[in-house]
Amino acid sequence: MSGRDLFCQPRRIRRGAALTLVFASVLVAGAATGSFPESGRKSAAGEARSAVPAGHHEDVARAAEEAMADGKSPMEAAERAVSRSGDRWGAVYSQGEYEEFEEALDGQYTGVGLWARRERDGRIEVTKVADGSPAAAAGIRAGDRLRSIDGETVDGKPVTEVVSLLRGDDKDASAGTAVRLGLGRGTHAWTKTLHRARLSTHSVSVRRLAGGITVIRIAAFTKGSGDVVRTAVRQAPVGAGIILDLRGNSGGLVTEAVTTASAFLDGGLVATYDVDGKQQALHADPGADTTRPLVALVDGGTMSAAELLTGALQDRGRAVVVGSRTFGKGSVQMPSRLPGGSVAELTVGHYRTPSGRSVDGHGITPDLDVAAPGEAAVERAETVLAGVGDAD
């Protein structure tokens, strides 16, 4: 298992309030961050907010208010109310956590710039260091061992917990706060104090394979990721195929997923969703090249907005979907501020693919079931892509 200090599990997840990573929690994240456009797509945030079922939010807000009046934790009371409601994706954030979440969707995070993985013997190894990060400035390199964080030994810990310690989630650590790392390289061991910084994430990576095939990997739909994809498609060799790698993509901003769809679809429906029974629709922009061969690569970690995109490409016959069944999160959450400053996100609706398929609890079934990991799956996608090109 591997991770980076961007892809952390906030404390709300460790308390059992949700099952997903930070990018998976908002389908209509535009309503939370103000990034939904007011025109061009039928998705007005104001309409969605007014459609939030009052009873559900009011019960949670009332629990928080009563707890605060009694001198108890309003956030804990709100969490209990959400748990009692049976809302699988409902969650409560502290003010700091929610601000951090919004920053992450905006393509930024607070951390030291380390990727890490846990080896079979339990040791935590640094796998990559972000350029220009505090970790890079401290001389930390890929292959170094991470032994401790602020004096706490990390051997044997899940990477998600290590990442949380690096970010300082337990104390809502901000940029500039110090974190002391115990490190090792061969027989040499040392301790280094770093100061967390606000860093930018690059959620889209592009590479070229033999024969001109372009692989576009999207780790999450953060602000601007859709435009990066559209640029990559325009710059790909004429007529060459594209592999859209959505494995492990846990979602993000739905507007960015729709922009990504606009790189492959010449307008038309991407998805519909309901908020308190009122139907809304998301449409791609016109003008995309719909003749270029396309394979979408997915797995059980493909979630939320990434499933929305996959479903649209599959339903409209634009891509061959290769991999394993996706996660199955197709619900819409809406945020509301609670007494005490925390934020509750509660489920208010669900989205469907262009053909009307429900994703929530079902996921997307690939056209070709491929269980191969890593590059082996990319190689299978190349083979499929070659067949798509021949068929054209």
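Student: Which residue in S8 does Arg 145 stand opposite?
Tutor: Arg 145 stands opposite Gly 184 in S8. Strands here are DSSP runs of E with at least two residues, and helices are runs of H or I with at least four, both numbered from the N terminus. This is a predicted model, so local features need pLDDT of at least 70 and side-chain atom pairs count only at pLDDT 80 or more, while totals for chains, interfaces and linings use all residues. Residues are numbered from 1 along each chain as its sequence is written, and side-chain values use heavy atoms, with hydrogens and water left out.

Student: How many bridges join S6 to S8, and which way do they run?
Tutor: Four bridges, and the two strands run antiparallel. S8 covers residues 178-185. Two strands count as paired if DSSP finds at least two bridges between them.

Student: What else does S6 pair with?
Tutor: S5 (residues 124-129) is joined to S6 (residues 145-149) by two bridges, antiparallel. There, Glu 125 has Arg 145 as its bridge partner. S7 (residues 152-153) is also joined to S6 by two bridges, again antiparallel, with Ser 148 partnered by Thr 153.

Student: What does Asp 150 do in the hairpin of S6 and S7?
Tutor: Asp 150 takes a positive phi near 50°. That hairpin has two residues between its strands.

Student: Switching topic. What is the strand order in the six-stranded open sheet?
Tutor: S11-S12-S13-S16-S17-S20, with mixed pairing. S11 (204-208) and S20 (368-369) are the edge strands, each pairing on one side only. S17 (residues 320-323) and S20 run parallel, joined by two bridges. Val 322 stands opposite Leu 368 in S20.

Student: And the largest nonpolar core, which residues touch the most other members?
Tutor: Ile 216, Leu 244, Phe 264 and Val 270, out of 41 residues. Such a core is a set of buried Ala, Val, Leu, Ile, Met, Phe, Trp, Tyr and Cys residues joined through side-chain atoms within 4.5 Å. Helix H11 (residues 305-315) gives the largest share of this core, six residues. Apart from it lies another core of 19 residues, including Trp 190 and Leu 194.

Student: Last one: is Ser 331 buried or exposed?
Tutor: Ser 331 is buried, with a relative accessible area of 0%. Buried means under 20% (exposed is over 50%, partly exposed in between, 1.4 Å probe, protein chains only). Ser 331 lies in strand S18 (residues 331-337).
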